[in-house]
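My notes follow the model.

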Amino acid sequence: AEYMGVDRWRCTKLREVLSRAAPAVLAHAPALAEQACLLPVSDDHLPLIGRVPGVVNCLLATAHYNWGILQGPATGHLLAHLLLDGAAATAPLLDLTPFDPARFMASDY
């Protein structure tokens, strides 16, 4: 994929909106890097799917890289179950642990 660069204006605007909408997110998880492009990806190249530790009712579904358009419907289905039932309906079939956003909050990260 072609590198799109970081759009500083969009990063600033996103940070402003997030700080108003969910100030606890930034307080508990300050940004280590900024990326505003077409292909968001995490450091370990796995999506972030699940609850944000320490922030009530905050779920993430991001960083699918170029697979987002294909994985979006399944991820949405999982998040709906997490939000409504507290657990993914597919829990016996799919372990969401590798995608847990908390993996980047560990002290050894």
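I started with Glu-16 and Lys-13, which sit three residues apart in helix H1 (residues 8–21), so about one helical turn separates them. Helices (H or I, at least four residues) and strands (E, at least two) are DSSP runs, numbered from the N terminus. The model is predicted: local features need pLDDT of at least 70, side-chain atom pairs count only at pLDDT 80 or more, and totals for chains, interfaces and linings use all residues. Residues are numbered from 1 along each chain as its sequence is written, and side-chain values use heavy atoms, with hydrogens and water left out.

I looked up how the side chains of Glu-16 and Lys-13 meet: in a salt bridge, 3.5 Å from N to O. The term means a side-chain nitrogen of Lys or Arg within 4 Å of a carboxyl oxygen of Asp or Glu. Glu-16 is partly exposed at 33% relative accessible area; Lys-13 is partly exposed at 37%. Partly exposed lies between buried (under 20%) and exposed (over 50%), with a 1.4 Å probe and protein chains only.

How many salt bridges does the structure hold? I noted two. Asp-44 forms one with Arg-103, closest N and O atoms 2.6 Å apart. This pair links distant parts of the chain, 59 residues apart: Asp-44 is in the loop between helix H2 (23–28) and strand E1 (48–51), Arg-103 in the segment after helix H3 (68–85). Asp-44 is partly exposed, at 34%.

Last, I checked Ile-69, in helix H3. Ile-69 is exposed, at 75% relative accessible area.
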